[in-house]
Amino acid sequence: MIDVSVLYGGLESPSTPHRYGREIRQIDPPAYQKMAVARSARERRPIVVWNLTRTCNLKCVHCYTASEACAYSDELGTDACKAVLRDLAEFKVPAVLFSGGEPLVRSDFFELAAYARELGLHVVASTNGTLITRDAAERFKELGFAYVGISLDSVDPAIHDEFRGVKGAFDRTMRGFRHCVDVGQKVGLRLTLTCHTSQNLDRLFDFIEKKGIHRACFYHLCPAGRGRDLMAMRPENAREAVDTIITRANDFVRRGKRIEILTVDNPCDGAYLYMRMLMEKRPRSRQVLDMLLWNGGARYSSGVGIANIDFSGNVHADQFSMSRTFGNVRQRKFSEIWQDTSDPIMAGLKDRLDLLEGRCGACRFKAICGGGLRARAEIFTGNIWAADPGCYLSDEEISGLPVEEIG
């Protein structure tokens with residue numbers, strides 16, 4: 001994740017200590033939102049994205065699990081899930097993100113969430129929002145969810161419903177946002193950037209402010225699951241979208257709006273943001289470079305600081321890499337699987353820079369980008385160490401003195 005509000009705007013957020021190794025001084029978030037300062041990004045335990053179920057009440061065109069509104073066999077039961085939660089708590093993971101499918105279709109969702117909170121885990125939900133009733137929103141708040149992320153593809157109801165595959169999804173998602181805001185639950189908007197969804201970003205930022213949404217994450221497309229059929233943005237369109245995101249995020253900070261804006265799954269955004277700051281001669285450019293170097297981008301992401309447990313208990317480097325499994329929590333604890341580097345891919349992910357090939361291997365921003373999203377490179381090329389085709393930086397921009405050598 002690239003925290004645009006923090007890096008470009010100078011905002012502090014509850015996740016700043018975890019993401020950039022810096023204490024926060026200007027804010028004092030509630031205990032259930034705080035994240036500890038890691039000694040180094042390399043040493044961080046992983047944030048665990050856990051697909052509690054594959055079942056979903058929608059049929060989104062970009063769904064990386066290709067979920068349907070049906071029951072799937074072999075999903076982990078309540079007791080098995082609680083055993084995993086105990087292990088995650090003992091392993092001291094910084095956060096557990098409950099996802100799906102649609103996690104709220106599980107009848108034991110709040111039972112599992114309550115158990116996770118009893119164990120002291122930092123919990124987040126990723127949902128399509130259509131099943132969030134007023135009671136559900138109050139339960140999120142009561143249990144101390146750090147935030148609830150709700151997916152939205154457009155402020156145009158017809159476009160959103162088309163992406164979600166179900167008519168009326170937009171109206172139900174709006175109710176979900178409203179219920180969370182009304183009860184004081186921190187809520188975030190999640191949007192996948194595509195040729196279509198990136199066309200009305202200014203309207204979306206207006207919507208975020210108007211509706212009182214606290215956080216927005218803009219995901220660069222990884223063509224997994226049904227997302228394989230979507231067309232990725234051209235490099236010039238990606239740059240335009242990121243420029244809009246940076247400009248509007250900074251406008252929020254400038255006007256005193258504590259709205260966190262992040263981009264996800266394309267760490268070259270950090271390099272682009274740094275280059276823009278240099279071009280604009282912004283005074284914090286060197287500090288931002290140091291923060292990006294500490295973070296390491298993808299270098300300390302999939303396989304290090306991000307993990308995935310799928311609906312059947314299989315462990316993956318991230319949620320887009322389900323074609324490769326390192327073990328199953330039914331047979332071994334997650335903590336044991338995650339620390340086992342006998343698999344050369346797991347070992348490589350934990351120390352990847354010298355393995356990167358092509359443009360990623362030669363890039364001067366390698367130390368802050370970390371080689372982009374490995375899942376996207378493998379899906380497109382069949383080679384996990386190939387250059388990430390999602391990078392929109394030019395050959396001229398990535399050549400020259402490595403940024404870690406800048407004095």
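Reader: How do helix 4 and helix 5 run relative to each other?
Author: Helix 4 and helix 5 are roughly parallel, since their axes cross at roughly 15 degrees and angles under 35 degrees count as roughly parallel, over 145 as roughly antiparallel, 65 to 115 as roughly perpendicular and the rest as oblique. Axes here are lines fitted to C-alpha atoms, for helices over the stretch in contact, with angles from 0 to 180 degrees between N-to-C directions. Helices (H or I, at least four residues) are DSSP runs numbered from the N terminus.

Reader: What's the source of the coordinates?
Author: This is a predicted model, in which local features need pLDDT of at least 70 and side-chain atom pairs count only at pLDDT 80 or more, while totals for chains, interfaces and linings use all residues. Residues are numbered from 1 along each chain as its sequence is written, and side-chain values use heavy atoms, with hydrogens and water left out.

Reader: Fine. Which residues in helix 4 and helix 5 meet?
Author: From helix 4, Phe 109, Phe 110, Ala 113, Ala 114 and Arg 117 meet Ala 136, Arg 139, Phe 140 and Leu 143 of helix 5; contact means heavy atoms within 4.5 Å. That contact has seven nonpolar, no polar and two charged residues. Ala, Val, Leu, Ile, Met, Phe, Trp, Tyr, Cys and Pro count as nonpolar, Asp, Glu, Lys and Arg as charged, and the others, Gly among them, as polar.

Reader: Next, at what angle do helix 8 and helix 9 pack?
Author: About 25 degrees, with the axes of helix 8 (residues 201-211) and helix 9 (residues 235-254) 10 Å apart. That makes helix 8 roughly parallel to helix 9. On the helix 8 side the contact includes Leu 201, Phe 205 and Ile 208, and on the helix 9 side Ala 241, Ile 245 and Phe 252.

Reader: What classes of residue make up the contact of helix 8 with helix 9?
Author: Seven are nonpolar, one is polar and four are charged.

Reader: And how do helix 9 and helix 10 cross?
Author: At roughly 65 degrees, with their axes coming within 11 Å. Arg 239, Val 242, Asp 243, Ile 246 and Thr 247 of helix 9 meet Asp 269, Tyr 272, Leu 273 and Arg 276 of helix 10. By class that is four nonpolar, one polar and four charged residues.

Reader: Pocket versus cavity, what's the criterion?
Author: On a 1 Å grid over the protein atoms alone, a cavity is a set of points where a 1.4 Å probe fits but cannot get out, and a pocket is an open set with protein on both sides within 12 Å along at least five of seven lines; lining residues have an atom within 4 Å of a point. Points are joined across faces, edges and corners, and a volume is the space filled by probe spheres set on them.

Reader: How many cavities of 30 Å³ or more does the structure hold?
Author: Four. The second largest cavity has a volume of about 120 Å³.

Reader: What lines the second largest cavity?
Author: There are 15 lining residues, of which Cys 360, Cys 363, Cys 369, Gly 371 and Cys 391 lie nearest its centre. Helix 10 (268-279), helix 14 (358-362) and helix 15 (366-369) each supply at least two residues of that lining.
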